[in-house]
Amino acid sequence: MTRTQDGSELLTGPGAGGLLRSAVGNSGGALHSWQLDHVDHRPGRSTKALFRTMVSWPELDGAGAPAREELFGASAHIGEREKNLYVAEQTLVMTDGDINVRVWRYPHDPWLPMLPLVCYSDVVGRTLHELGVSIGDPTMQIAIDVVSYRPGRRAVLRVAQGSGAVYLKVMQPHRSGEIVDRHQRLLAAGVPVPEVIAHHNGLVVLQELPGRPLARAVVDEGVDACRGEDLVALLDRLPASLYPLPLRPPWTDSVDFYAGIVASSMPSLGPRLDALVRSIREGLTALEQRMDMRPHDVVHGDFYEAQVFVQEGRVVGLLDIDTVGPGRRADDLACLLAHLSVLADYGNAGRIDKAMQSRVERAISTWQAVFDQRVDPTELALRSAGVVLSLATGPHRQQETAWEAATEAIVRVAEQWVDIARAAERSRPEQPGLPGSTAARWVGPAGHHPVPTGQQPLTAGQQPLASRPPLSPVDRQGPGAMTSNDSSRPGDGDVRADTPGDDSPTQERSISSIVPN
């Protein structure tokens, strides 16, 4: 096997084909083709990857049967022991003495023991029945939609039967107890999170929320999807009783880590990434000199448009509460603005039309003005830049088409938020640290300058500004693709605190076309 520091070259290079061929052959199959689909890279430590393959199984299907599409996961690590490995029987381990590679066929993820019990229509019905869960009309066939799957981390599935549906959140078993407890405490405080119907061994069954994700509504309705004040009020409703939970660092604490991941895949961006990190860190340090930057609030920890459900202009639901705990309100609000600003650039890449792009841009500008009344505008913009930088790991991770251009574009968005922070500082009144000062507003890809407070946001006829393809606004539809970590993101509890950025906040790709055979 190719010698690397963390297995990334092996799992993302041509050598991965040999590993997959060995794993498939060891199980009696033949590998016809393969394609890298998703990468989780922890520089210098480990790499996990997901592959789409075409495989034939002569012993099962007959010699002349056509090849099937299959998912295979692989984990390469060096210098550290694999943690929380639960079911290793259906995996193949290969080693060259330094690097160990573990390969498995989906859904037999060794870290997610309940996944095989919920991925097949005939099996998931029995699993839910044993948990006392009834979905809908028992005479109807069960339909399964895999909302997201992140190897070794988590999976989210929507299971429907007739008119009824539930969401299944599959995670490492040691995490599910604390997640259930948080749901129950938030529900008791009146926060509209999904009700936990049942849970067992890393599987949490969640009630479907009313309405639809803000990620969809903001594209269709723009600022009319909900009020910025209601978004702030939703967060301010998080109960103080959750403040004693473990502190998880904000995304901006890990900007060096994210910049390192991006630079490892695109070294040409190194100087710009260094400048970004320096600007964010120096800006936040300067703020600490004149205002209290300690974590005084209870925060969601991963608050963005796919986590919020809306209906008829009202906020009616909140997802993915795995990362709730002490923090700063500016982090939550910045997380939303950062994701929306990346989403807005879909118009530049032709992935949403210009009218949709204009609606998203106006929502950003309007909601940012509201958020500036709640938190310091400079802090809000700097933390938005930090979250955008974390999202720059997404295109390579998800192996997007033209991921290099997409990555560079997201970096450019982060640079624009830094420019907005500088403009906010220039317009700051004499009384330092007061929220609501005249500040620059996001205006989207119409130019490379912020617009001062009081100017109108872009209208449908205006030309948009920057350029940076983001991640799908609709891929995470149900209760909580557990994020950034991707996300997809946080959702891996103490992992984020111990290894900054390990669970990067990416919106994960739907793999509903993959049905286990």
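This report walks through a helix, a loop residue and the nonpolar cores of a predicted model.

Residues are numbered from 1 along each chain as its sequence is written. Local features need pLDDT of at least 70 and side-chain atom pairs count only at pLDDT 80 or more, while totals for chains, interfaces and linings use all residues, and side-chain values use heavy atoms, leaving out hydrogens and water.

Let's start with helix H12, residues 377-391. Helices here are DSSP runs of H or I with at least four residues, strands are runs of E with at least two, and both are numbered from the N terminus. Because 15 of its 15 residues are buried, H12 is largely enclosed by the rest of the structure. Buried means under 20% relative accessible area, exposed over 50%, and partly exposed in between, with a 1.4 Å probe and protein chains only.

Next comes Asp 322, in the loop between strand S14 (314-318) and strand S15 (325-327). Its relative accessibility is 1%, so Asp 322 counts as buried.

| Pair | Distance |
|---|---|
| Asp 376 side-chain oxygen and Thr 378 backbone nitrogen | within 3.0 Å |
| Asp 322 and Lys 169 side chains | 2.9 Å (polar contact) |

A polar contact is a pair of N or O atoms within 3.5 Å; within protein, one must be able to donate a hydrogen and the other to accept it, and residues adjacent in sequence count only if both atoms are side-chain atoms.

Finally, the largest nonpolar core has 80 residues, and Leu 214 and Trp 367 are among those touching the most other members. Such a core is a set of buried Ala, Val, Leu, Ile, Met, Phe, Trp, Tyr and Cys residues joined through side-chain atoms within 4.5 Å. Helix H10 (residues 329-344) gives the most to this core, with 11 residues.

Technical notes
The expected span of a helix is 1.5 Å times one less than its number of residues.
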